[in-house]
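Biologist: I'm new to this one. Can you put it up and walk me through it?

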Amino acid sequence: MRVEQIAVFLENRSGRLAEITAVLAENNINIRALSVADTADFGILRLIVDQVDRAKQALKEAGFTVGKTNVIAVEVPDRPGGLAEVLKIVEQAGLNVEYMYAFVNKSGENAVLIFRFDNMDSAIEALQNAGVVILTGAQVCSM
Amino acid sequence: MNWQEIETLPRAGMESIQLLRLRKLVERVYNTVAPYRAKMEEAGVRPDDIKTLADLRRLPFTTKDDLRDNYPFGLFTVPMEEVVRVHASSGTTGKPTVVGYTAADISMWADVMARCLAMAGVTRKDMIHNAYGYGLFTGGLGAHYGAERLGATVIPVSGGNSKRQITIMRDFGSTVLLATPSYALNLADTMTDMGVSPADLQLRIGIHGAEPWSENMREEVEQKLGIRALDIYGLSEVIGPGVAMECPHTDQGMHILEDHFLPEIVDPDTFEPLPYGEAGELVFTTLTKEAFPIIRYRTKDISRLVAEPCGCGRTLVRMEKVTGRTDDMLIIRGVNVFPSQVEHVLMGIEGVEPHYQIEVSREGNLDTMTVLVEVSEEVFSDEIKGLEQLGKRIQTEIKDLLGVTCGVKLVEPRTIQRSEGKAQRVIDRRNI
């Protein structure tokens, strides 16, 4: 139920993002989703790619600091209110969203959102109990 | 003999006083301080061997390491109940350097500091605005007691809250400013912000020390505050402020109060004493301190001794303004900082690599220090708050150990230069 996400540390210098995408391109790695969180001093680039370990290796060799984290990919009805419904379930279960971002492609008729929760196990349970579809890593990588 | 007589003694007179005091000092320290006795025995020298001032060179040096090894009170010559005050200053790693004073020492300190104020032209009629920090730092209280001994009115403002300081200067009529040179310029900037000009104040003299400053800075201070700005030198291991002072003839350096503090210049590599006029490391022996006397303390400050007679009539030898250090110590906003202390903090945080760099610059006349730390895989977090917490933790631990608030900049791995041999830990962009 968990999807592996890669996080990369970004100093606030120009060209870092370009270099990361170049490294991934050279290694034939496809980005499925990404998000940049930034402060005045640095940023964190979060990526869902189709070949996690290879991407991590390639980026490390290129001198980047890379971490792997587990996140959840959730199907969300692609209509107004779709996201609100999912977030209501999250709130009622008393869960905290650390961050979230959207996927490039759709899963059939649905949008896909990546979530990181403070308590991943409770989150998976609560969402499944409410009938929310959680995609597996394999499904996500092959979308 | 009053202090005016002492300060104008012919050399022979001064030297006999120094020799008499030196012999008593060495005898006392040999008999009461085991670590000193051990060092002297190792060097094969006994108190009786000190027959002339030239024999000073036979005595072993004392360094900050000796103070650290005998932390906190191992080098004191009296029981703690005789010690009426302790002060502390930065050590090279985790522990500070501790110094102590008997009642007689405090009185002597007040005297030497009062003499320095008088040398600068300060009198009992002056209103002394003391912006040196009060606390473990010797600057604030050292200057304060000197001001009271002189009989002037002292305002113990300490540092910080610049706007309030300007208001006090204007309303109380402060005539003498005691502050670090960079803080003096910071006050000048605050004055401009407040629309206060030097003509609105009564300031006439500034006495600045605790950090190095150039002739250019002196001009700036004098011009912006409308004062005569003079240099003062001291260090807590010797006493605090009051070791040397510029008289208004500021051409050749500061007069050393050598009846209390015997100076030498030694070659920084061979440690051979050098003659007057040659530059080297400044070394001091305290001739009259009771609780914590110190023999041949290597200050790591680079200077030179000037014997030429001074226009003020004083025969006290002068030391040239300190031009550099033999070690890597920095002074940030008046606080001594050793890069090794930063390293000590970083090594104590799991996962933080020992690859760091310190950038020092001056913004708006206040020193800023930024520590660059490489983000390794161990400390990396996928959440912003994780990294922010890391930065905050480093900042807090540095503040706790060093007493200085610095910025922390997280950088990518392998962006801090590795070097063969000694790493270049510090990039100092200040133009002092």
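This is a predicted model: local features need pLDDT of at least 70, side-chain atom pairs count only at pLDDT 80 or more; totals for chains, interfaces and linings use all residues.

Biologist: How many bridges join β18(B) to β19(B), and do they run parallel or antiparallel?

Modeller: Five bridges join them, and the two strands run parallel.

Biologist: What is the strand order in the sheet?

Modeller: The order is β19-β18-β17-β20 in chain B. It is an open sheet of four strands with mixed pairing.

Biologist: Which strands are at the edges?

Modeller: β19 and β20 (426-428) of chain B. Each of them pairs on one side only.

Biologist: And the twist, what does it average?

Modeller: From one strand to the next, the average is 20 degrees.

Biologist: Next pair. How do β17 and β18 of chain B run?

Modeller: Antiparallel, with eight bridges joining β17 (residues 356-363) to β18 (residues 366-374). The two strands form a hairpin with two residues between them.

Biologist: Which residue in that turn has a positive phi?

Modeller: Gly364(B), with a phi of about 55 degrees.

Biologist: What stands opposite Glu359(B) in β18(B)?

Modeller: Thr370(B) does. Glu359(B) also has a bridge partner in β20(B), namely Ile427(B).

Biologist: How many bridges join β17(B) to β20(B)?

Modeller: Three, and those two strands run parallel.

Biologist: Which helix packs on the sheet?

Modeller: α11(B) packs there, touching β18 and β19 of chain B. The direction of α11(B) makes about 140 degrees with that of β19(B).

Biologist: New topic. How many residues are in contact between the two chains?

Modeller: 14 residues of chain B are in contact with 15 residues of chain A. On the chain B side, the elements giving two or more residues are α11 (384-402) and β19 (407-411).

Biologist: Which element gives the most on that side?

Modeller: β19(B), with three residues.

Biologist: What classes of residue are on the chain B side?

Modeller: Seven are nonpolar, one is polar and six are charged.

Biologist: How does the model score?

Modeller: ipTM is 0.81 and pTM is 0.81. Chain B averages a pLDDT of 93, and 98% of its residues score at least 70.

Biologist: Back to the layout. What domains is chain B divided into?

Modeller: Domain 1 covers 1-327 and domain 2 covers 332-428. Their C-alpha centres lie 31 Å apart.

Biologist: How many residues are in contact between those two domains?

Modeller: 13 residues of domain 1 of chain B are in contact with 16 residues of domain 2 of chain B. Helix α8 (residues 181-194) of chain B gives the most to the domain 1 side, with four residues.

Biologist: How does that domain 1 side split by class?

Modeller: Two nonpolar, nine polar and two charged residues.

Biologist: Now chain A. What are the domains there?

Modeller: Domain 1 of chain A is 3-69 and domain 2 of chain A is 70-141. Their centres, taken over C-alpha atoms, are separated by 22 Å. The contact takes 11 residues from domain 1 and 13 residues from domain 2.

Biologist: Which elements of chain A give two or more residues on the domain 1 side?

Modeller: β1 (3-11), β2 (31-38) and β3 (42-49). β2(A) gives the most, with four residues.

Biologist: And the classes on that side of chain A?

Modeller: Four nonpolar, three polar and four charged.

Biologist: Last thing. At what angle do helices α5 and α6 of chain B pack?

Modeller: About 75 degrees, with their axes 7 Å apart. An angle from 65 to 115 degrees counts as roughly perpendicular, so α5(B) is roughly perpendicular to α6(B).

Biologist: Which residues make the contact?

Modeller: From α5(B), they include Ile106(B), Trp109(B), Met113(B) and Leu117(B). From α6(B), they include Gly142(B), Tyr145(B), Gly146(B) and Arg149(B).

Biologist: How do the residues of that contact divide?

Modeller: 12 are nonpolar, two are polar and two are charged.

Key
Residues are numbered from 1 along each chain as its sequence is written. Chains are lettered from A and ligands numbered from 1 in the order in which they are written. Axes are lines fitted to C-alpha atoms, for helices over the stretch in contact, and angles run from 0 to 180 degrees between N-to-C directions. Angles under 35 degrees count as roughly parallel, over 145 as roughly antiparallel, 65 to 115 as roughly perpendicular and the rest as oblique. Two residues are in contact if their C-beta atoms, placed from the backbone, lie within 7 Å. Ala, Val, Leu, Ile, Met, Phe, Trp, Tyr, Cys and Pro count as nonpolar, Asp, Glu, Lys and Arg as charged, and the others, Gly among them, as polar. pLDDT is the predictor's confidence in each residue, from 0 to 100. Domain bounds come from an automatic or database domain assignment. Two strands pair if DSSP finds at least two bridges between them.
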